[in-house]
Each structure stands twice: as structure tokens, then as C-alpha cells.
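Q: Can you walk me through this structure? Keep it short.

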Amino acid sequence: MDLKRIFPPGAVLFREGTIGDTAYIVERGFLDVTVVRLGEVIRVATLGPGEIVGEMALIDDRPRSATVTATSETEVMVIRREQIQNRLRNADVITGALLRLTLNRFRTLQRTMAGHDQTTDNENDPLSHKAFGLDDPYERARERLILEQELREALESRQFFVQFQPVVALADHSLRGFEALIRWRHPERGLISPGRFVALAEEAGLIHAIDGWMARSALDGLYQIHESAMAAGNPKPWLSVNLSGTRFVDDTLVSTLRQVVQDSRIDPNFVTVEITEGVLIDSPTVAEPILRALKETGLTVALDDFGTGYSSLSYLQRFPIDVIKIDLTFIRRMMENETSLQIVRAIVGLAQALHIRVVAEGIETPDQAAMLLGLGCPMGQGYLFGHPLDLADAIAMASR
Ligand code: C2E
Ligand code: CA
Ligand code: CA
């Protein structure tokens, strides 16, 4: 279909009640928009250059709500639904639902003004709320909005807590550090895993507050862990915290973290921040100075889930990375799959050559631990050495 079309005076672009899949932007000329109400033709608008008409057909395939006629020779730009559908499909669920809902409300209003019975709300009626309201995308959006609201409440009413997963030296299984992992104890739904809410918190713009709370609580915990380790004459373990990628567009990140570490009275050398490759890929020029500033503060920088993204070796040269954490998917496959084994071997070799420390994640069996040690990987984390622990158990572990 042509991008531009010219209609002579009197030509009808589309009629009320028909189904269409195009909208038009007026480039030149004028259009009359009319509806038939109680047998009478009513002109509801006259549109001129720059105005759009028929746009509802881009969103769904309900009947046109008006008739549009050219009143002079009119040139229009044609927009087809297929140009918009993909964008709509890829749109944020909530934005999409809101758009459909607004459209639906508008149609109901039109219907009401046209004198139809407003009380029928059956599903076969294309103009009913239900035809839209209970479809899948809407339900998903509703659930997200509820969860988002509950996330806000969770922060205020202290439903989050921290668990500490041990990281050990593979040679003798002695404790070296902990990774702080966030947990959400929902009053009705029970424990909700970070896999379910971290991405949502990012979308909702709540992750800054959550990560900030998390860093403070985790370092508070580390302070107590250190006291217990020292009392037992053990070396002090370090702690790593996860930083969401979206924090890297926040220019208060460095000063906030610096403050949190200072308030905790912990030597920054004992604190690692874990980031994922996404940060380095999406905004390398922003990430680089931030990582350098974090290092100047004395913090250690670890690259999490290494090997899963677009792992580029050039990152390791460009960015000040101290530690890489080999993603658990490689460790899981390593015993049966030769390729995974070779990848792990290559990562360990690379890390050694670049003087980067390496931690293997998700170690569950003694075989995996032995294999990694044989490959020269010095540190590991996983259920074999310890599940994520509550603070009291982490304190006890540090004093053993
Ligand atoms: P991650 O940083 O890769 O964390 C490691 C995940 O592996 C944790 O899941 C941990 O419980 C799990 N894990 C540890 N050992 C094993 C093992 O031996 N086998 C298996 N199958 N899994 C193991 P978790 O706690 O559910 O966390 C999931 C993700 O959520 C984390 O992945 C991290 O990306 C994110 N996350 C957790 N806490 C925070 C936080 O405070 N802030 C941010 N921004 N993200 C967090
Ligand atoms: Ca991590
Ligand atoms: Ca990881």
C-alpha cells in the first residue's frame, strides 16, 4: 500500500461500523468526521494538516467509531497497523494495558453518549470493559502493579532481609568471604526469590532504594561477623554485594556507597561490589569512571555471571576488574560437557594471566570442586560449602 494517498472532495476514507487497519495523517486538505446518532448525521470534527484520524484501528480491530470524508482534495500519509503492532507487543506490559484500557473507556463513553444501554457489559460486546479488561496482558499488568505496590510497602515495613552465602578456598574449604543475597518475606505469599522481584524493582525505579537498604544491612551484618571472627582468632572474611545495572546511570552511586561503607566502620578492602556485563556493554563510558571511583574508595570490583553475556575479553583490559565469577551454568555442565569444561579452563587461565581472582559459582558436588581445584581455580561458592545463611549462622561460621 502507498505511503501517501490523495482523496478527491467527497471521497470517504472509512465508514462508521466497518473494520479497518489504517490511520491517516493529514498532509494537505480537510476531512470531516461524522457519526450517525438516532438516524441523524452529526459532524463531530473537522481535521486539517498535521492531524491524525483512525488511530484506534492501529491498536485493535474493533469497528470504526465514525465516518471520515474529504471536504476538499486531501493528501494523507497512511499508517498501517502492522507498523505499530510490533511496537505494541514489545511495549512494557503496563503501558500496553493502560493504552487498551484508555481506548476501551473512550469507546464506552462514546457508546453512552450515543444513547445505548450502558448497563450491558457482556463479553461478546466489543465495546464492553470485559472484552478488554480480563484479557491476559491486562491481568499480567494488574499483577505487576500489585507486586510493585507491595515492594514499596516491603521496604517500609522491613520485609526484606539479608542472607550470607559462604565463599571458600577450594584447597582447604576455609572461609574467605560471603556474598550478600537479598530475601523478601512477604506477609501472605511467603518467601519470594530475588529472581522474581529484582527485575520488577528495576523497572519500577525501586532498586536504588532496595540496593541501598541492602548494602547498609549487609555491612551491618559484616561488622558483627568480623567481631566474631576476631574473637575466635580467625581472619576476617570479606563481603560482596550485588549492584543492579540500572544504578550505573545514577551519579550518586559512588558517594552513597562511600558513605555506607564509612558509616559501617568497615575497612573498604573487605567490601566487593558485583556487577554484570550488561553494565559494561550498555554504557561503557559511564561505567568506566564509576568503576575507577569505586576502586579509589578501596572497594573491590567483581564481574558476576561471567561467560553468560557477550563476554568480551577486551572488558577485562579496559575496566578495572579484580574478580570474575564463573557462572554456575558452566560449573553445572562441566562434568558432562567438554565444551563447558574447556570454557572454564580458559577463563581460569585468562584470569591467572591477567592477575584477576576467580570464584566458581554453584558448586554442588565434591567432583566439581576437585575438578576446579585441578584447573587452578582457587575459590568457590555453592551448596556444597553452604547455602545462603541467616546472619546468626554466618556469625557462627566465622568463629569456627
Ligand atoms: P547471583 O548474583 O548470580 O547469585 C547467585 C545465586 O545462585 C543466588 O540465587 C544463590 O542462592 C544461588 N546459588 C548459590 N549456590 C548455588 C548452588 O550451589 N546451586 C544453585 N543451583 N544455585 C546456587 P538467589 O539468591 O536466588 O539470587 C538470584 C539473583 O538475584 C542473584 O544472582 C543476583 O543477580 C540477584 N540478587 C540477589 N540479591 C540481590 C541484591 O541485593 N541486589 C541486586 N541488585 N540483585 C540481587
Ligand atoms: Ca552475585
Ligand atoms: Ca552469579
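**Ligand and helix contacts**

Q: How many residues surround ligand 1, and which are the closest?
A: 22 residues surround ligand 1, and the closest are Gln 165, Arg 183, Asp 304, Glu 364 and Tyr 383. A residue counts if one of its heavy atoms lies within 4 Å.

Q: What should I know about the model?
A: This is a predicted model: local features need pLDDT of at least 70, side-chain atom pairs need pLDDT 80 or more, and totals for chains, interfaces and linings use all residues. Residues are numbered from 1 along each chain as its sequence is written, chains are lettered from A and ligands numbered from 1 in the order written, and side-chain values use heavy atoms, without hydrogens and water.

Q: Back to ligand 1. How far is its oxygen from the Asp 304 side chain?
A: An oxygen atom of ligand 1 is 2.9 Å from an N or O atom in that side chain of Asp 304.

Q: And Tyr 383: what part of that residue is 2.8 Å from a ligand 1 oxygen?
A: A polar backbone atom of Tyr 383.

Q: New topic. At what angle do helices α13 and α14 pack?
A: About 45°, with axes 10 Å apart; α13 spans residues 338-353 and α14 residues 366-375. Helices here are DSSP runs (H or I, at least four residues). Axes are lines fitted to C-alpha atoms over the stretch in contact, with angles from 0 to 180 degrees between N-to-C directions.

Q: Which residues make the contact?
A: Leu 341, Val 344, Arg 345 and Val 348 of α13 meet Met 371, Leu 372 and Leu 375 of α14. Contact means heavy atoms within 4.5 Å.

Terms used. Helix = DSSP H or I, 4+ residues; strand = E, 2+ residues; numbered from the N terminus. Polar contact = N/O pair within 3.5 Å; in protein donor to acceptor, adjacent residues only side chain to side chain.
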